[in-house]
Amino acid sequence: MAVIQVAPGRVRNLLQERRPRRGEPLFRALVLAAAAAVLVVIGGLILVITQQSLSGIVHNGGLAFIGGTTWDPVHEIFGALPFLYGTVVTSFTALVLATLIGVGVALFVVELAPQRIAGPVAFMVELLAAIPSVVYGLWGIYVLAPWLREFVETPLHKAFGWLPIFAGTPIGIGFLSAIVVLTIMILPTVAAVSRDVVAAVPASQREAALALGATRWEMMRMGVLPYARSGILGAAILGLARGVGETMAITMVIGNAPVISASLFAQGYTMASVIANEFTEATTEIYRSSLMEIGLLLLIITLLINAAARLLVWRAAGGSSARSVLA
Amino acid sequence: MTSVTDSDSVSTTAQTRVAESQRPEPASAAPGEVASREVTQGVAIDVDHLSAYYDRHRALREITFSVLPNSITAIIGPSGCGKSTLIRCLNRMHEVTPRARVEGTVRLNGDPIYGPGRDPVHIRQRIGMVFQRPNPFPTMSIYDNAVAGLKLAGIRDRKLLDEVAERSLRRAALWDEVKDKLRTPGGSLSGGQQQRLCIARAIAVEPEVVLMDEPASALDPISTLKIEELMDSLRASYTIVIVTHNMQQASRVSNQTAFLTVGDDGAGFLVEFGDTTDIFTNPREQLTEDYISGRFG
Amino acid sequence: MTAATASPVIGPGPMAGRNLGRRRRTDRIMRALLGLAAVLAVVPLLIVLVFVLTQGLAALNLDLLTQLPVPPGQSGGGVAPAVVGTLIMVSLGTLMGTPIAVLAAIYIREYAGGRGASVIRFMIDVLAGVPTIAVGLFAYGLIVVPMSGFSGFAGAIALAIIIVPIVARITDEMLGLVPVSVREAAYALGVPPWKAIVRVVIPASAAGIITGVLLGVARIAGETAPLIFTALGNRTVTTSLDQPMDALPLRIWVYATGPYKSWHDQAWAASLLLVLLVLLFSVLTRFVLARRSRHRR
C-alpha cells in the first residue's frame, strides 16, 4: 500500500519545461544529407572516372576507341573492341544459359517441388551468390578448366575442329571456361528474381489453365510464363548487368589475351579483366587513362542495363525484390 | 437537451457541470490506493466548423460541438462516417497521414490547437490517445511502456518514474496484475491488459484530455467491462472523448453524445449533439431516431 | 462452348483423348528438364565447396594465419598481413558505410514523400549495380591520386561505398515491417517524430538491421576488384591506413595466379577461410531475415 508522493500536475509541469526542441530540424537535415550522399557518390563516381579518362579519350580518338581493335601499350595504341567483344560474348552466352537454368529452377521451386525439396534447393542457389568471385576463379583455374579441357574441349576439337567455334588447340583457359564460370555466378541473380516473378503470378491464372485440363507443364507454359514474361526478361537483364561487371573469376580463367577470336577455346579479354590485370602495371599516364576509359565504358553500359532491368522487374514483381541486390 | 450551434449557452452549462463534478471525491478503484488527492483537471474542448480532408476528398463537413470538462462524450455513427477522423483531428493526429489537412477551429480550454506557431507535438502531450488495437511499444517492458511518455521526454528521475508508473498502472486498474512482472515485455500481456497498459501510458503524462478510438472493440466482454469502469473512474481527472460503434456502451458510459453520419457528398456531418439520455430516449432528429432504433448503420 | 475457340496451344479440348498421350509425354519430359535445371544449379555449388574444403583443409594450419609470407618458392609462411588487412578494411568500411545507409533508409521510410522515396530507392539500386571494379577506379581517382599513394584507407572507402546499398536496402525493409500503430502510439504521446524513430522504431527493427550489416560484411569481405588499385596489397602486416594494405581476396588472387605450388596451396587454404567466414554470415543472416519477414503482423 504505497503512499504516492507525486503531486498532481508535477509531471505536466515537468513536461512543459522541456519545451525547446531542436532535435527535429537537426535530424531531418542529417537524414537528408545521407540520402544526398548517395546521389553525390553516384555523381562523383561518374565525374571522377570521366575526368581521369579525359586524356585517354583525347589520345584514342574519342568514339573511335570503341571500334579500335589494337591494344598495344608499348606503342600506346589503345582500342576497346577486343574487350567489348569479350565482355559481350561471355556475358550474353552466360546470360542465355543462366536464364534457361534459372527460370527452370524457378519453375521447379515454385511449381513442382514439394517444400521439403524446394526450400533447400532455393537456399543452395542463393548460397552460390555468397561465394566470393576470387574463389570461383581459383576453382576455375585448377578444377574447371582442366576438366573442361579434357572432357569437353578436346573431344569437341577432335570431332568438330573444322568449325571456327571449336578451332584452336584447347588449353582449358579461355572463353568456354569463362562462360561456364560466369553462368554459375549470375545464375543466383536470375533464379532469385525469376522466382519472385513466378511466385507473383496470381493463383487464378494457374487454376484457369488447370481447369481446362492442362498438364502441369502446359499450365506453366500457358498460365504462368506469359504473365511472368516481362519480369523474367528483367531478371535476365539484371543477370546481364552482373555478368558485365564480373571481374575476378573471369580474369583468372579467360586467358587475358586482347584478341578477337571466334573460337570458344581461344583466350580472350573482358573490359573488367583488363582493368584488373593491367592497371597497377600501367606505367604511363596515357595507359592508365585508357584503362580508365574502359572503366567509363563499362560503367555506362552497366548503368544503362541496370536501369532497364530495374524498370522491368519493378513493374512485374510488384515492387523491388531486395534479394536481387543481395545475390 | 442542448442545441448544436449555441456554444455560449453550452459553456455556462459547462461551468455548472464542472462545479457539480468537483464536489465529490473522485471514485477510487480500491480503498487506500491513492493517498494524495487527484485534482488534475480536465478541460473543455470546443470544435468549431471543423472540416477534414484526405487530399481532395472531404471526410468531415463543418462539425461544431463543445465537450464539457471532466465529462465523457461519445461519438457514435455508422461505419465510415468519419468518427475516427474526427477524434484524430482533436489531437492533430489526422495530419500525420500524408496530404491530410484540416479546416476550422478546435479549442482546448480556449486555446486553438491549430494555427501558425502551434506545435502539434506539444498538443499531443496535452491530449492523450488510446487506439482501437492495443499498441504497447514492442521492445519495452511493462514498466517502460507505462512511463514511456516521460522517459522519451528526457525525464530520468528514477523515484519519480517509479511513482508515476505505479500511479498510472493503479489508475488503469492494472497494477495488481503486473506489479510482480514490471520488467517483462509489454507484449506478453493479454489483449485487455495491453489496452489498460496503453491507457496507463496515456495518462502517465498527465494529459488534460484522453481520446479513445473504439478502445474496447478488439477486446472480450470482460475486458470491455473493465475498460468501461475505468473510463468512469478517469472522468474525475480528465475530459474523455470516445468513439464507439456500440450504442449500448455509449449510453452506459457517456454524459454527452455526438451522432455523425455520412452525407450525400461523402463527407461525415454532425446530425445531433446533446445529453446522452436525451439522444437515446428523445432525439430531435429523425435520422438519430432511425440509427438508435437500428434502422440503418 | 469456349473449347472451340480456345487457344490452339491446348488443342481441341480436354476431352480429346488422342492427344493426351503425347501431351503427357511432353509434360513428363519438361518436368524432368526442370528437375535437371535444379540439379545443374545445385551441383556446381557442391563441387566448389567440396574442392575448397578438401584442398583448403590440406593446407590449413595455424601458421597460415599468423606468419608472414616467405620469399617465393620457399614453403611455409602465412598470410597474416592479408588477415589483418581484411579485418581492418572491412571494419572501417562497415563503420563508415553503415550510418549513411541507415540514415538514408530512415529518410526513405520516414521522411520522404512518394517521389523522393522512389528516387532515392532507385539511386540505391543504381549504386548496388555499379561494378565493384568501377568503385575501385573511383576510389583511385578520389583518394589514391591526391594522396599519391595506395592506402588501406582508399580500400576502406571503396568497401564503404559497396556496403551502403546492401545495408540501406535491408534497413528500408526492416523499418517497413514495424507497424504504423507503433509510430502512432509514439506520436500520440507527444513524442517528436525524430525521437519516435530513434527511440522506438529503430530499436524495434534493430535485429533486422544488424542482420543487414552482417550480410554486408560478408559481401565486402570477399571483394577483390575494388582493392586492387586502392589498397594494392602488402607483404607485411601494417595497421597504418595511409600505407598499402593486404587483404585475403587479394592474396588469394596473387597466389592463385602465381607459379609456385606452395602459393596455390595457401590460396586454397585462404579460400577456405574466406568461404567459411562468408558462408557462416550469409547462412545465419538469411535465416534470420526469412524468419523476421514471416513474422510480419
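The legends below accompany close-up views of a predicted model.

View 1. Chain A is built with 13 helices and two strands, and its C-alpha trace extends over about 100 × 65 × 35 Å along the principal axes. The radius of gyration of chain A is 27 Å, whereas a compact globule of 327 residues would have one near 20 Å. Of the 327 residues in this chain, 54% count as buried. Among the contacts in chain A with a separation of 6 or more, 76% are between residues 24 or more positions apart.

**View 2. The contact between chain A and chain C.** To this contact chain A brings 79 residues and chain C brings 82 residues. On the side of chain A that touches chain C, helix α2 (residues 23-59) of chain A gives the most, with 20 residues. By residue class, that side of chain A consists of 56 nonpolar, 16 polar and seven charged residues.

**View 3. Helix α11 (residues 271-278) of chain A.** This helix is largely enclosed by the rest of the structure, because six of its eight residues are buried. The buried residues of α11(A) are Met271(A), Ala272(A), Ser273(A), Val274(A), Ile275(A) and Ala276(A).

**View 4. Helix α10 (residues 248-256) of chain C.** Eight of the nine residues of this helix are buried, and α10(C) is accordingly described as mostly covered. Its buried residues comprise Leu248(C), Pro249(C), Leu250(C), Arg251(C), Ile252(C), Trp253(C), Tyr255(C) and Ala256(C).

**View 5. Strand β3 (residues 72-76) of chain B and its parallel partners.** The strand is mostly covered, with five of its five residues buried. From β3(B), Ile72(B), Ala74(B) and Ile76(B) point one way while Thr73(B) and Ile75(B) point the other way, and the residues of both groups are buried. Strand β8 (residues 239-243) of chain B runs parallel to β3(B) and is joined to it by four bridges; within β8(B), Ile240(B) is the bridge partner of Ile72(B). A parallel pairing over four bridges also links β3(B) with β9(B), where Gln256(B) is the bridge partner of Thr73(B).

**View 6. The hairpin of strands β9 and β10 in chain B.**

**View 7. Confidence of the prediction along chain B.** The average pLDDT of chain B is 84, and 86% of the residues score at least 70. Among the elements of this chain, the highest mean pLDDT (95) belongs to helix α4 (residues 142-146) of chain B, and the lowest (43) to helix α1 (residues 7-22) of chain B. Over residues 1-38 of chain B pLDDT stays under 50, and for this stretch the model has 48 contacts beyond four places in sequence.

Technical notes:
Residues numbered from 1 in each chain as written. Chains lettered and ligands numbered in written order. Predicted model: local features only at pLDDT ≥ 70, side-chain atom pairs only at ≥ 80, totals over all residues. Contact = placed C-beta atoms within 7 Å. Nonpolar A, V, L, I, M, F, W, Y, C, P; charged D, E, K, R; others polar. Rg over C-alpha atoms; globule rule 2.2 N^0.38 Å. Buried ≥ 20, exposed ≤ 12 C-beta atoms within 10 Å, placed from the backbone. Pairing = 2+ DSSP bridges. pLDDT = per-residue confidence, 0-100.
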